[in-house]
Amino acid sequence: MQRANMGPVYHQNIIHPGLSGAETNALVRANTIAISRSNAASSANEAGRYDEAIRLHQEALDLKLQAYPDTSVQAGISYNGLGEALLGAGRLQEADEAFAKALTTRERDGPAVDAAATRDNIGALREAQGRFAEAKEVRLRGKGKNEIMCGNYKCPTNAMYALSDLQGCGACKSVFYCSKACQKQDWIRRHKPLCKAHCANAQASNQQTTTG
Ligand SMILES: [Zn+2]
Ligand SMILES: [Zn+2]
């Protein structure tokens, strides 16, 4: 299950009176294929087959763009998924661009939980880039509205929280969890090597400042 695609489904009408019957059928067909590509992409991503996930998300996106604008909720789902797959593949710059597109759409048109999921994805990307202060900042952007997502991608609640309901990582203080179980799962799955490298660097540069 891909967390970021679990928000309310938007039924934006792609069929309008100006279209011929054949055009209408073509759009409906393209959209049906796009949804199946999108689902296949999520499964590939889940299984760690990132190159396949990237290709499938890109195909889904191309099909969606026949019917929906680049700034639509539908395209936003694909940009977010594409970003996740690119991040998994270590293509950080491209992931950054895909997430930026998803976030613009989602923060404007919602759903709020999808915007929060993309902010957390960007947080994970910033960690991978070694930019921990920015990881914290983007995650806390939903603080005022109690719209912070648990930092565990596999969080079973898929909910948004107030900062006071979350526990930050004690070492880096840049990622926040709804439970000890979530913290542990994310530590094992993702956060550990990034956090350790960051904290070792921070310590080394502290020592340089004090001694040098
Ligand atoms: Zn959680
Ligand atoms: Zn940490």
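Helices here are DSSP runs of H or I with at least four residues, strands are runs of E with at least two, and both are numbered from the N terminus. This is a predicted model, so local features need pLDDT of at least 70 and side-chain atom pairs count only at pLDDT 80 or more, while totals for chains, interfaces and linings use all residues. Residues are numbered from 1 along each chain as its sequence is written, chains are lettered from A and ligands numbered from 1 in the order in which they are written, and side-chain values use heavy atoms, with hydrogens and water left out.

How confident is the predictor? The average pLDDT (the predictor's confidence in each residue, from 0 to 100) is 91 for the chain, and 91% of the residues score at least 70. A contact means heavy atoms within 4.5 Å.

Now for the overall picture. Along the principal axes, the C-alpha atoms fill a box of roughly 75 × 35 × 30 Å. Of the 212 residues in the chain, 44% are buried; buried means under 20% relative accessible area, exposed means over 50%, and partly exposed is in between, using a 1.4 Å probe and protein chains only. If you take the contacts with a separation of 6 or more, 56% of them come from residues 24 or more positions apart.

The largest nonpolar core has 19 residues, and L82, L86, L87, A95 and F99 touch the most other members. A nonpolar core, by the rule used here, is a set of buried Ala, Val, Leu, Ile, Met, Phe, Trp, Tyr and Cys residues joined through side-chain atoms within 4.5 Å. Helices α2 (50–64), α3 (73–88), α4 and α5 each supply at least two residues of this core, and α3 gives the most, with 6. Take L86 as a way in: leaving aside neighbours within four places in sequence, L86 is in contact with I54, R91, E94, A95 and A98. Apart from this core lies another, of 14 residues, including L140, C155, V175 and C195.

Two of those names turn up again at the metal sites. The zinc ion (ligand 1) is held by the SG atoms of C150, C155, C178 and C182, at 2.3 to 2.4 Å. Donors are N, O and S atoms within 2.8 Å of the metal (3.2 Å for Na, K and Ca), and water is not among the atoms, so sites may look incomplete. The angles among the 4 donor atoms run from 106 to 116°, making the site tetrahedral; for four donors, that label requires all angles to lie between 85 and 135 degrees. The donor spacing is C-x4-C-x22-C-x3-C. C150 sits in the loop between β1 (148–149) and β2 (160–161), and C178 in the loop between β4 (176–177) and α7, so this pair links parts of the chain 28 residues apart. C150 is buried at 0% relative accessible area, whereas C178 is partly exposed at 23%.

What holds the zinc ion (ligand 2)? Its protein donors are C169 (SG), C172 (SG), H191 (NE2) and C195 (SG), at 2.0 to 2.4 Å. This site is tetrahedral too, with angles of 101 to 117°, and the spacing reads C-x2-C-x18-H-x3-C. H191 and C195 both belong to helix α7 (residues 180–211), sitting 4 residues apart, or about one turn of the helix. Both H191 and C195 are buried.

Finally, the charged pairs. There are 17 salt bridges, each a side-chain nitrogen of Lys or Arg within 4 Å of a carboxyl oxygen of Asp or Glu. One of them joins E107 and R119, 2.8 Å from N to O, and it connects helix α4 (residues 92–109) to helix α5 (residues 112–128) across 12 residues of sequence. E107 is partly exposed at 36%, but R119 is buried at 6%.

R139 and E127 make another salt bridge, with the closest N and O atoms 2.8 Å apart. R139 lies in helix α6 (residues 132–139) and E127 in helix α5, again 12 residues apart. Both are buried, and salt bridges with shared partners tie D120, E127, R139, D186 and R190 into one network.

Definitions and conventions. Tetrahedral: all angles 85-135°; square planar, octahedral: opposite > 155°, others 65-115°.
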